[in-house]
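Thanks for coming. Please look at the sequence and the model while I talk.

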Amino acid sequence: MKRIALFPGSFDPLTMGHMDTIERGAKLFDELIIGIFVNTSKKSYFTSEEKLAIVKESVKHIPNVRVITQENELTVSVAEKLGAKFLLRGIRSIKDYEYEKEIALMNRHLDQELETVFLLAEPKYSHISSSILKEVWTFNGDVKEYLPEAVYQALEEKRENSEK
């Protein structure tokens, strides 16, 4: 049986922490599908189409990774359609653990066959989040080392276009 995992998230923007989880997860599974989902509690900076292009560019060097977008279905439903038996999630802190545990338990309630696999963040990425990076970048702080090059370039293009 092919081991397929879904890594769901809003990825707004994709960070080096996400990339670390993706690269490590790609070694654990035959296929890793990055699912760009809508987080209804967050305001997106990039459109779904922009995120799709940016994430595809950032992961093109990993042969067993593909990227999809999804805006109106439960994660468990998408996983089932994709044939994914695993959800991949990254954990940076105890706060993340508590949040992710609740989601994993609900997903388990919805689909007994779907397992959630947690990877602990590398310490150098455990303090970063998309939200923090967007905030620092908005006020011209240096966030380049925490973003894949394609993401950094997309942010810079947004800044240039907003200044015109």
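I start with valine 136, which, apart from its neighbours within four places in sequence, is in contact with Gly141, Asp142 and Val143. This is a predicted model, so keep that in mind throughout. Valine 136 is part of helix H5. Its relative accessibility is 35%, so valine 136 counts as partly exposed.

Asparagine 140 lies in the loop between H5 and helix H6, the latter covering 149-163. Its phi is positive, about 65 degrees, although asparagine 140 is not a glycine. Most residues other than glycine have a negative phi. Is asparagine 140 buried or exposed? With a relative accessible area of 60%, asparagine 140 is exposed.

Back to the helix. Lysine 134 is also a residue of helix H5. At a relative accessible area of 17%, lysine 134 counts as buried, because the cut-off for that class is under 20%. Which residues does lysine 134 contact, leaving aside neighbours within four places in sequence? They are Asp12, Pro13, Lys43 and Tyr45.

Two of those contacts take us to another loop. The peptide bond from aspartate 12 to proline 13 is cis, with omega near 0 degrees. Most peptide bonds are trans. Proline 13 sits in the loop between strand E1 (4-9) and H1. Phenylalanine 11 is found in the loop between E1 and H1 as well. Phenylalanine 11 also has a positive phi, about 45 degrees, without being a glycine. Its relative accessible area is 3%, so phenylalanine 11 is buried.

Now the aromatic rings. How many aromatic pairs does a search of the whole structure find? The search finds four. I will describe two of them.

In one, phenylalanine 29 and phenylalanine 86 have ring centres 5.2 Å apart and planes at 45 degrees, so the pair is tilted. Phenylalanine 29 is in the loop between helix H1 (16-28) and strand E2 (31-36), while phenylalanine 86 belongs to strand E4 (residues 86-91). These are distant parts of the chain, 57 residues apart. Both phenylalanine 29 and phenylalanine 86 are buried.

The other pair, tyrosine 45 with tryptophan 137, is edge-to-face, at 5.8 Å centre to centre and 75 degrees between the planes. Here too the pair links distant parts of the chain, 92 residues apart. Tyrosine 45 is in the loop between E2 and helix H2 (48-59), and tryptophan 137 is in helix H5 (residues 130-138).

How do the partners differ in accessibility? Tyrosine 45 is at 32%, so it counts as partly exposed. Tryptophan 137 is at 5%, so it is buried. Ring pairs also bring in Phe46, giving a cluster of Tyr45, Phe46 and Trp137.

Charged side chains lie over two of these rings. The charged end of lysine 158 is over the ring of tyrosine 45, 5.5 Å from its centre. Arginine 159 lies over the face of tryptophan 137, at 3.9 Å from the ring centre.

Last, the surface. Leu74, Met106 and Leu110 make a nonpolar patch of about 290 Å². Methionine 106 belongs to helix H4 (residues 94-110). Its relative accessibility is 46%, so methionine 106 counts as partly exposed.

That is what I had. Comments are welcome.

How values were computed
Residues numbered from 1 in each chain as written. Predicted model: local features only at pLDDT ≥ 70, side-chain atom pairs only at ≥ 80, totals over all residues. Heavy atoms only, no water. Patch = residues over 30% accessible without salt bridge, like charges linked within 9 Å, V, L, I, M, F, W, Y side chains within 5 Å. Areas by Shrake-Rupley, 256 points an atom, 1.4 Å probe, with all protein chains shown as cover. Salt bridge = Lys/Arg side-chain N within 4 Å of Asp/Glu carboxyl O. Helix = DSSP H or I, 4+ residues; strand = E, 2+ residues; numbered from the N terminus. Buried < 20%, exposed > 50% of the residue type's maximum accessible area, 1.4 Å probe, protein only. Phe/Tyr/Trp six-rings, centres within 6.5 Å; stacked < 30°, edge-to-face > 60°. Lys NZ or Arg CZ within 6 Å of the ring centre and 35° of its normal. Contact = heavy atoms within 4.5 Å.
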